[in-house]
Amino acid sequence: MQAESMSGAPLWIIGLMDLLGAPGAGLAVALENLFPPIPSEVILPLAGFAASTGQMNLFAALLWTTAGSVVGALALYGVGALLGRDRTVAIAAKLPLVKVSDIEKTEAWFLKHGTKAIFFGRMIPVFRSLISVPAGVERMPLPVFTLLTTLGSAIWNTVFVLAGYFLGANWTEVTAIVSTYSKIVLAGAALALLTFILLRFLKRSRNSSPEGARGADICGSAARARQATADRQPASHRTPTP
């Protein structure tokens with residue numbers, strides 16, 4: 001590759017592509033799935049730029065980068081499958097501020113929307129890697145998981161490989177745009193996590209306050225009084241206690 005056009009690309013990625021060509025790009029993408037900090041926004045447009053210079057075939061670049069995405073996703077699926085639901089729930093239950101009910105709600109959501117999450121999740125930084133783990137935990141049918149991963153990854157990879165191909169030496173413009181997109185996604189995730197923690201703290205503090213305890217006692221006393229009244233009535237006059 002032309003040295004003046006490679007600024008901003010990690011040397012190990014350049015080395016892989018120089019040594020292996022399109023398979024090197026695929027290997028880099030597979031590693032990006034396993035280690036999200038590795039920047040796919042660099043790998044994909046750089047592969048497109050390499051194709052524009054003739055170092056690799058454009059179709060091969062698209063094929064190998066998509067194959068790398070699928071291989072990396074399958075590895076994380078395997079991690080989730082080995083971990084299993086019971087072990088995941090046991091680990092999550094030990095985390096501060098996390099309840100088993102939170103895990104059950106997440107599980108119910110994934111069972112309902114999992115196919116959409118796998119497909120569209122391939123186009124969201126960081127999430128595109130992590131979504132494979134719950135798919136493995138829930139044992140999503142492997143053919144379905146593989147198909148959705150392939151389709152979603154092919155769309156994501158094609159957009160950025162072609163952008164690098166047509167921009168040529170200016171491929172880093174794609175990196176800047178996707179980096180901004182990644183920061184927005186991460187900021188949104190951090191805000192959601194902070195909101196969850198704040199709401200959980202507020203709920204816990206309300207339940208532990210004297211007013212909260214008094215309210216719980218009043219509700220409990222009222223329920224017991226209703227039950228006692230119902231018990232004293234003849235069986236023929238009893239009405240169901242709400």
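Trainee: Is Leu27 buried, exposed or partly exposed?
Mentor: In this predicted model, Leu27 has a relative accessibility of 40%, so Leu27 counts as partly exposed. The cut-offs are under 20% for buried and over 50% for exposed.

Trainee: Where is Leu27?
Mentor: Leu27 belongs to helix 2, which covers residues 22–34.

Trainee: Which residues form a nonpolar patch with Leu27 on the surface?
Mentor: Leu19 and Leu20. Together with Leu27 they have about 300 Å² of accessible area.

Trainee: New topic. What about Thr66, buried or exposed?
Mentor: Thr66 has a relative accessible area of 11%, so Thr66 is buried. Thr66 sits in helix 4, residues 58–83.

Trainee: What lies 2.9 Å from a polar atom of the Thr66 side chain?
Mentor: The backbone oxygen of Leu62.

Trainee: And which residues is Thr66 in contact with, leaving aside neighbours within four places in sequence?
Mentor: Thr150, Ser153, Ala154 and Asn157.

Trainee: Now Ser40. Where is that one?
Mentor: Ser40 is in helix 3, which runs over residues 40–52.

Trainee: Why is Ser40 called buried?
Mentor: Because the relative accessible area of Ser40 is 5%, and buried means under 20%.

Trainee: Which residues is Ser40 in contact with?
Mentor: If you leave aside neighbours within four places in sequence, Ser40 is in contact with Glu32, Pro45, Arg128 and Trp156.

Trainee: How many residues apart are Ser40 and Ala28 in sequence?
Mentor: Twelve. In space, Ser40 and Ala28 are 8.4 Å apart, taken from C-alpha to C-alpha.

Terms used
Residues numbered from 1 in each chain as written. Predicted model: local features only at pLDDT ≥ 70, side-chain atom pairs only at ≥ 80, totals over all residues. Heavy atoms only, no water. Patch = residues over 30% accessible without salt bridge, like charges linked within 9 Å, V, L, I, M, F, W, Y side chains within 5 Å. Areas by Shrake-Rupley, 256 points an atom, 1.4 Å probe, with all protein chains shown as cover. Salt bridge = Lys/Arg side-chain N within 4 Å of Asp/Glu carboxyl O. Helix = DSSP H or I, 4+ residues; strand = E, 2+ residues; numbered from the N terminus. Buried < 20%, exposed > 50% of the residue type's maximum accessible area, 1.4 Å probe, protein only. Polar contact = N/O pair within 3.5 Å; in protein donor to acceptor, adjacent residues only side chain to side chain. Contact = heavy atoms within 4.5 Å.
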